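Have the viewer open as you read.

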Amino acid sequence: MTLAYYQKRIISVIEHLYDHFDEEISLESLADKACVSPYHWHRLYRATTGETFRDTLKRIRLHHAAYALAYGEDRIENIANRAGYQHVASFNRAFKDQYQVPPAQYRMKGQHRTQRLTRLVSNVSEANMNAYSITLSEIKEQTLIGYPHQGDYMSIGVAFDKLFAWLGSQKLLGNLKGSFGVYYNDPHSVTSDELKSLAAVVLNKPIDTQLMQEAKLEKFDLPHTEMAILEHKGPYSDLESAYEWLYQHWLPGSDREIANLPVIEEYLNDPKEVAPTELLTHIMLPLKPKTR
């Protein structure tokens, strides 16, 4: 079989894990989904993705659980069950192992909670203005390539996992210059089904157009522009609070206008390699040239 054949099989498994993360999933069922012998498919999956399927599933489930805790009202028992844990104690241990605090404490004292409270303050105070670090930086013209994603931004991970599986199969990971998410909509302006984004990377060397077409990759040409860059450390589920601060506090207190480009996130480390509390993200807000 060709490399493209196995790549397609792995991508089908990744999509299945993201679509059915809240269901019971067995190794045998995934081998069947991949149309690969159960004696060999998991070695293939691990060699391609760099993690076991159970690691992938746990990461997806806890990611969704963190978001439900931060912005939902559902009971922790129900969130634990959807994350595949029959006992809350087991869920508490797994969540604390990844997020450094138990679920109840994360719900009450996480960064999302802090920013939710600041919305009650009407004035753009100095404390609010300094809640995050902002750097103004000139970004050179560059081309981002990746897989488009339509749907809840919390599920864009499926597009990233597919992208990195493809890059690995093409031996292109050594050419990786950066990992980015391009977000075309405000998640509160349209339904989640209408949200459009791009899971993308920048490579040191251009790749063949035909190869991109065969892989169904898309590109986004980022022009030379100035960006307001917010550095966020912590779980991706807390990013919404950083966005609210950026638009509610920093932008009105600055003398800048937003350019007609989508917001971009740059991911500085890998959620497969570091705990959610150690994730580093740059939220990049494009700006119009400053008027004199």
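A contact here means heavy atoms within 4.5 Å. Among contacts between residues at least 6 apart in sequence, 73% join residues at least 24 apart. What you are looking at is a predicted model: local features need pLDDT of at least 70, side-chain atom pairs count only at pLDDT 80 or more, and totals for chains, interfaces and linings use all residues. Residues are numbered from 1 along each chain as its sequence is written, and side-chain values use heavy atoms, with hydrogens and water left out.

The chain has 12 helices and 8 strands, taken as DSSP runs (H or I of at least four residues for helices, E of at least two for strands) and numbered from the N terminus. Its radius of gyration, taken over C-alpha atoms, is 20 Å, close to the 19 Å of the globule rule (2.2 Å times the number of residues to the power 0.38) for 292 residues, so the chain is as compact as a globular protein of that length.

Now step inside. Of the 292 residues, 46% count as buried, meaning under 20% relative accessible area with a 1.4 Å probe, protein chains only. The largest nonpolar core has 35 residues; such a core is a set of buried Ala, Val, Leu, Ile, Met, Phe, Trp, Tyr and Cys residues joined through side-chain atoms within 4.5 Å. Elements giving two or more residues to this core include β2 (142-150), α10 (157-169) and α12 (239-253), and α12 supplies the largest share, 7 residues. Apart from this core lies another, of 18 residues, among them L30, A31, Y45 and F53.

Methods:
Buried < 20%, exposed > 50% of the residue type's maximum accessible area, 1.4 Å probe, protein only.
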